[in-house]
Amino acid sequence: MKIVYTDVLVIGGGLAGLRVGIGAKRRGHDVVIISLVPPKRSHSAAAQGGMQASLGNVIKGQGDNEDVHFEDTVRGSDWGADQRVVRMFVNTAPKAVRELAAWGVPWSRVRKGDREVIINNQKVTITERDEAHGLVAQRDFGGTKKWRTCYVSDGTGHAMLQTMSDQAIAAAIPVHERTEAISLIHDAGRCYGAIVRDLVTGELCAYVAKATAITSGGAGRLYRVTTNAVICEGIGSAIALETGVATLGNMEAMQFHPTGIFPAGILVTEGCRGDGGLLKDVDGRRFMPDYEPEKKELASRDVVSRRMEEHIAKGKGAKNRFGEHLWLDITLLGEKHIKHNLREVWEICHHFLGIDPVKDWIPVRPAMHYTMGGVRTDYTGQSPTLKGLFAAGEAACWDMHGFNRLGGNSVAETVVAGMIVGEYVADFCDKAANDVDIPTKLAQEFLRREQAHLSGLLTGSGTEDAAALKASMQEIMTAKVGIFRRGEDLASAVDELQQLLVRSRNIGLKYKAGGSNPELVTAYRVQKMLKLALCVAYGALTRTESRGAHFRQDHPRRNDAEWLKRTLATWRGDATLPTLSYEPLDVRAMELPPGWRGYGAKDYVDHPDTPARAADVEALKQRMAGASRFAVQEALMPYGALLPERLRGRNERIDERFEAAE
Amino acid sequence: MNTAKVVKIVPASQAGGNGAAHRALKIHVLRHNPQDPASVPRMQTYDVEEADGMTLFIALNEIREKMDASLQFDFVCRAGICGSCAMVINGRPTLACRTLTKNLPTEITLAPLPFFELIGDLSVDTGKWMRGMSERLEGWLHMKDPNPDISRIEERMDPDLADKIYELDRCIECGCCVAACGTARMREDFVGAVGLNRVARFRLDPRDARTDADYYDVIGDDNGVFGCMSLLACHDVCPKNLPLATQIAFMRRKMVKMAWGK
């Protein structure tokens with residue numbers, strides 16, 4: 001048996017995984033990253049629009065700070081987020097942008113003086129400050145009070161991933177490309193690494209590690225219509241689930257992005273609307289102000305997506321041969337802006353739609369976009385139930401997004417969580433008590449089990465077609481577990497998915513080679529994906545309320561009294577359903593007690609503790625009137641000690657200079 | 001459980017077709033599996049009915065799902081941004097995911113990118129080569145201060161310069177430039193336009209501590225900038241329209257100057 005030993009095994013070579021790896025390596029630990037694809041091909045590259053961090057350099061971002069970013073993120077999450085984690089995140093995000101600026105990301109920069117921008121369909125001249133010239137620029141994004149999204153033209157994720165991957169190469173971190181973790185090695189509540197399959201040779205190998213980090217991204221491919229890359233199948237989350245010990249949090253919280261191009265589902269960035277683009281209907285009429293007078297096109301994604309589908313349901317969709325859609329009009333931004341700041345959008349329109357967005361409107365319809373749920377972790381990124389297993393980025397439920405993520409907070413999470421979790425992984429590996437002392441036999445047992453499973457698929461007499469099962473699953477998820485959900489649809493989705501899961505145990509392959517066999521890969525993955533799909537559908541069926549991206553037509557109100565809690569899913573052996581349990585959120589510890597988000601439905605059921613906590617918070621703010629915002633925050637919900645030491649401390653801004661400036 | 005329900009899958013690209021007859025495509029694929037000692041390179045032809053909006057991503061997946069489960073190819077983003085799916089399409093290296101079949105004749109010939117190690121059929125190992133190139137050229141920003149204070153305001157950069165650096169940073173390492181390169185055919189250690197563009201990108205970046213002497217050390221020979229014969233196929237095939245010809249000429253001038261100054 002082949003065994004690779006390392007201190008830290010990172011599963012997934014996107015932004016989060018690379019940053020975790022770099023962090024641990026800098027602290028002196030050996031790191032191996034395994035990745036389905038060369039790291040620069042990871043789905044992180046698809047984040048076009050930008051990364052939120054409250055630098056407040058541009059004039060429309062003036063006055064921005066951690067507090068404003070915190071409130072936007074919690075409101076965006078529909079109060080589903082862990083507010084302490086959100087605080088850790090917003091305080092680290094400016095540091096992450098500045099670290100990446102030092103590492104080589106060519107962030108777009110502020111140019112002093114006048115410039116013309118489009119705000120609410122009007123041309124407006126804004127004047128950037130002299131003292132901001134050359135600092136990292138920010139653009140507007142949905143669900144934010146200030147312009148906070150730092151960007152690199154419209155290739156932000158690409159540029160970040162280039163730099164991060166380059167720095168991982170500089171740090172001599174090996175990346176085992178075209179390999180896939182198919183099972184975690186664990187015993188008595190402790191994770192010891194993974195069984196890894198070489199996708200070229202088919203060979204299995206045990207990777208034994210002190211700490212294992214799952215950074216494998218989201219699970220968009222559970223759906224037929226998704227913006228996600230084809231590798232986003234959630235396998236990292238699924239192998240955590242299959243331990244029966246680790247839990248997945250809030251899998252029913254799936255985000256739909258308002259502007260997938262129709263019908264292919266390829267993303268065009270939120271930056272289109274942030275920069276002034278409008279949504280229009282079959283009559284060429286701008287409809288979002290009718291529904292969302294405050295934020296219009298720039299309400300949070302869950303709200304805009306629902307309003308679009310609502311408008312289509314009223315018969316206002318445009319039609320083409322593939323079905324109904326709406327229009328994204330960015331023509332008002334002008335050729336220079338589009339070809340310069342939104343060039344990827346121009347390329348996508350040109351190549352996939354054969355249209356020119358300088359002159360033509362873009363056909364769009366919401367498409368599955370982001371997995372808020374994932375491997376449940378504590379604030380350090382470690383699984384509370386499976387020691388030595390960490391997770392970061394989209395694969396994790398850390399949980400800073402709750403039931404809806406804000407645009408620009410995902411690439412931000414990847415690097416911020418990478419920085420924080422990387423330190424905690426290193427702390428974990430520093431402790432002698434966490435040395436690996438398992439017998440080789442344990443790794444061998446796991447490897448044999450996986451080998452037997454794959455051999456069974458290759459040589460068995462099964463009759464089910466793996467690709468067909470996968471297509472059925474994707475169709476069910478898109479049709480019944482989508483933007484608008486109803487109890488009866490969800491119940492039938494759960495039934496049908498269970499049947500597919502049972503059938504997936506009887507897959508037969510047409511192509512029997514053991515090496516690089518795409519059909520075999522589809523077969524073992526679809527077995528895992530069906531479990532994830534059931535976590536989503538069953539979690540959605542059980543949650544009889546609406547919160548963030550989870551919208552139940554039969555239970556349209558957010559119900560804090562009964563549902564201000566996180567769904568936790570575990571999977572036991574041969575079950576056909578996950579076991580669900582719930583982790584309540586403590587209103588009495590919240591810095592921002594639940595309320596109206598500022599957009600979307602105003603109607604919700606309060607938690608019994610909310611009025612008292614809201615009164616406490618108000619009283620405390622009054623008592624401390626005149627105190628610094630940091631002191632007030634500290635009094636409301638202390639979090640500073642939760643951050644690794646080197647990431648603590650304030651962030652300097654033009655309007656918040658450090659006193660002892662060198 | 002409810003009784004089993006058969007869900008009929010209609011690809012979005014075929015739903016609600018406009019009734020017009022679709023073309024019959026013949027897709028010829030150069031096949032070989034180096035993992036299999038019995039495999040010999042051969043052409044295999046698949047008959048595919050064209051659909052509205054069909055890309056080679058859609059066509060190849062349809063072949064694999066319905067006709068031939070063994071066919072190997074690589075797609076990741078399927079949106080033209082990740083560089084995974086470069087292959088030779090009717091003689092020209094380009095990205096398959098954003099190639100619409102309607103822009104091709106009915107006879108379509110697909111081959112893996114030359115130069116790179118073949119994994120199987122249309123799949124080649126660009127990743128290993130790119131990492132090796134990057135290690136050789138030290139293709140990362142060499143920080144002047146390795147431990148910057150990230151709580152302080154970031155260093156300023158001229159907005160136009162930031163845009164220029166991004167222009168060169170747009171490379172997706174798809175490998176088309178190397179596959180189309182005459183020099184690479186003769187010199188297997190040639191760093192290619194991708195490598196030279198990478199060096200040009202860091203040279204342009206004031207945050208990088210290196211000097212022209214350092215760059216000369218890594219590209220000042222025939223496997224570097226002096227190996228280029230200016231055939232410019234790299235420039236012609238680059239799916240991101242990077243200004244490769246200009247960059248290579250510019251780097252060559254700088255490196256010549258460097259050599260004379262020695």
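Leaving aside residues up to four places away in sequence, A:Glu233 touches A:Gly218, A:Ala219, A:Arg221, A:Lys470, A:Arg525, A:Met529 and A:Leu532. In this predicted model, A:Glu233 sits in the loop between strand S11 (204-214) and helix H5 (235-241) of chain A, and A:Glu233 counts as buried because its relative accessibility is 4%, where the cut-off for buried is under 20%.

| Salt bridge | N to O distance |
|---|---|
| A:Lys40 with B:Glu173 | 3.0 Å |
| A:Lys359 with A:Asp356 | 3.6 Å |
| A:Glu545 with A:Arg547 | 2.8 Å |

The pair of A:Lys40 and B:Glu173 crosses between chains, running from the loop between strand S2 (31-35) and strand S3 (51-52) of chain A to the loop between H3 and helix H4 (176-179) of chain B. A:Lys40 is buried at 11% relative accessibility, and B:Glu173 is buried at 7%. A:Lys359, by contrast, is exposed, with a relative accessible area of 60%. A:Glu545 is buried at 0% and A:Arg547 is buried at 1%; both belong to a network of salt bridges whose members also include A:Asp78, A:Glu252 and A:Arg597.

The second largest pocket has a volume of about 960 Å³ and is lined by 35 residues, with A:Arg115, A:Glu116, A:His337, A:His340 and A:Asn341 lying nearest its centre. Elements giving two or more residues to this lining include helix H9 (335-341) of chain A and helix H3 (159-169) of chain B, while S4(A) gives the most, with six residues. The lining divides into eleven nonpolar, nine polar and 15 charged residues.

Terms used: Residues are numbered from 1 along each chain as its sequence is written. Chains are lettered from A and ligands numbered from 1 in the order in which they are written. This is a predicted model: local features need pLDDT of at least 70, side-chain atom pairs count only at pLDDT 80 or more; totals for chains, interfaces and linings use all residues. Side-chain values use heavy atoms; hydrogens and water are left out. On a 1 Å grid over the protein atoms alone, a cavity is a set of points where a 1.4 Å probe fits but cannot get out, and a pocket is an open set with protein on both sides within 12 Å along at least five of seven lines; lining residues have an atom within 4 Å of a point. Grid points are joined across faces, edges and corners, and a volume is the space filled by probe spheres set on the points. Helices (H or I, at least four residues) and strands (E, at least two) are DSSP runs, numbered from the N terminus. Ala, Val, Leu, Ile, Met, Phe, Trp, Tyr, Cys and Pro count as nonpolar, Asp, Glu, Lys and Arg as charged, and the others, Gly among them, as polar. Buried means under 20% relative accessible area, exposed over 50%, partly exposed in between (1.4 Å probe, protein chains only). Contact means heavy atoms within 4.5 Å. A salt bridge is a side-chain nitrogen of Lys or Arg within 4 Å of a carboxyl oxygen of Asp or Glu.
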